[in-house]
Amino acid sequence: MPATRPAARHAAARHTAGAVLAAVLLVTVSACGSGSSDSPGVATTVPQTALPAPTGTDRPAGSVVAAPASTSLVLDSAGKRVVVLGADRRSVVVYSTAAPTAPVVTRTIPLPEAASSIGAVSGDDLVAVAPSTLVDVDLATGVAQGHDVAVGEPLSVGRLSNGSVIIGTADGKIVEVGADRRVVRTVDGLVRVDELAVAARAGKSDQVVALDRAQSSVTSVDMSDGSLGEALRTGDGATNLVVDHYGRFLATDTRGGEFLGFDGDPLLTKFRYPVADGPYAVGYDDVRNLAWVATTGDNEAIAFDLASGIPTEKRRVATVGQADAMVVDSATGTVYLLSARGDGLQAVSG
């Protein structure tokens, strides 16, 4: 499909997905950035955020340790650690998960500038991104090295199989930065790039899918040539995205109260399943084949089996308050949830 006209792609996607925008305030904006000045107006909505969590709910399942109030949590399964971006965004806190349900702080690493996002661990290298800097953080030595990479306002970050880092921005770009920390290419045509999920494919380049909260959509991106592919409506207020080992892309629609699944290559809608109380953070256990969805409206997390093609609830646990971030360690089955209001880092055994 054409890569330079998001409005046309999403019009077709509405028929493919069978979805209709809810009665929310729509604003017409022009697609941003170079290469899209001739694009038509694109219907957008106010980007959805997590529902406010209640207080005084049930005691969280598993164990809870002190952690910064943050929405950025990264798993390094091979290194047996999780990393939290500090509340002031100027440091990262590293926790050992050698004992999976008892995370222990091993070090706090200062960053050269306030980071917008962290992610994409490879070996000991964690990437942090700021408006004018990409930071390589060595989790083993605690050394953080900044590189001048002007990307605007970064919202998301991922890593390709070739070692490149990809950065999603608030003005709808995906910037690929090579191993030498020079910009390889910039892909344009979205309104925002709030989440990036990368699926490796045998004999092919990685499939990248970008979630755009302003358009409540997911779009396939070919980073080998910088083109945009299929784009599908993702409910009425999509927020988060993850990919599993089958190459399925799983998303939450917080405003519409849905959990959605997409087959990749090509991108096709497989299910839209109702989930109450503001589904937000999402993760997947590739060993036990369970999808986890956190609902901040009631401080719970739900495990779903997707084997039948339709989510089947298998487990439900109480979470820390305002669990806006979650990662799942498939090696141990442990689910880690981070409170955005400072209630701590929770570890729940699988």
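**Legends to the close-up views**

**View 1. Val-175 faces Thr-186 of strand β15 across the pairing.** The model shown here is predicted, so that local features are described where pLDDT is at least 70 and side-chain atom pairs where it is 80 or more, whereas totals for chains, interfaces and linings use all residues. Residues are numbered from 1 along each chain as its sequence is written, and side-chain values use heavy atoms, with hydrogens and water left out. Strands are DSSP runs (E, at least two residues), just as helices are runs of H or I with at least four residues, and both are numbered from the N terminus. Strands β14 and β15 run antiparallel and are joined by four bridges, and two strands count as paired if DSSP finds at least two bridges between them. Together β14 and β15 make a hairpin with five residues between the strands, and in its turn Arg-181 has a positive phi of about 65°.

**View 2. Strand β14 also pairs with β13, in the antiparallel sense.** Four bridges connect β14 with strand β13, which covers residues 165-169, and Gly-168 is found opposite Ile-174 of β14. These two strands likewise form a hairpin, here with four residues between them, and Gly-172 in the turn has a positive phi of about 85°. In a regular strand the side chains alternate between the two faces of the sheet. Along β14, Ile-174 and Glu-176 point one way while Val-175 and Val-177 point the other way, and all of them are buried; the term buried stands for under 20% relative accessible area, exposed for over 50%, and partly exposed for values in between (1.4 Å probe, protein chains only).

**View 3. Asp-125, Asp-136, Arg-159 and Arg-181 are joined in a network of salt bridges.** A salt bridge is counted when a side-chain nitrogen of Lys or Arg lies within 4 Å of a carboxyl oxygen of Asp or Glu. In one of these contacts, the side chains of Asp-125 and Arg-159 meet with an N to O distance of 3.0 Å. This pair links distant parts of the chain, with Asp-125 in strand β9 (residues 125-130) and Arg-159 in strand β12 (residues 154-159), 34 residues apart. Asp-125 also meets Arg-181 in a salt bridge, at 3.8 Å from N to O.

View 4. A search of the whole structure finds 17 salt bridges.

**View 5. Phe-259, Phe-271, Tyr-273 and Phe-304 form a cluster linked by ring pairs.** Rings of Phe, Tyr and Trp (its six-membered ring) pair if their centres lie within 6.5 Å, and planes under 30 degrees apart count as stacked, over 60 as edge-to-face and the rest as tilted. The structure holds three aromatic pairs. The rings of Phe-259 and Phe-271 have centres 5.4 Å apart and planes at 65°, so this pair is edge-to-face. Phe-259 lies in strand β22 (residues 258-263) and Phe-271 in strand β23 (residues 268-274), so that the pair links distant parts of the chain, twelve residues apart. Both Phe-259 and Phe-271 are buried. The rings of Tyr-273 and Phe-304 are also edge-to-face, because their planes stand at 70°, with the centres 5.6 Å apart. As Tyr-273 is in strand β23 and Phe-304 in strand β26 (residues 300-305), this pair ties together parts that are 31 residues apart in sequence. Tyr-273 is partly exposed at 25% relative accessibility, while Phe-304 is buried at 2%.

**View 6. Four strands, in the order β3-β30-β29-β28, form an open sheet with antiparallel pairing.** At the edges stand β3 (63-65) and β28 (323-329), each with a single partner strand, so one side of each is left without a neighbour in the sheet. From one strand to the next the twist averages 20°, where axes are lines fitted to C-alpha atoms (for helices over the stretch in contact) and angles run from 0 to 180 degrees between N-to-C directions. Strand β28 and strand β29 (residues 334-339) run antiparallel and are joined by six bridges, and Val-327 has Tyr-336 in β29 as its bridge partner.
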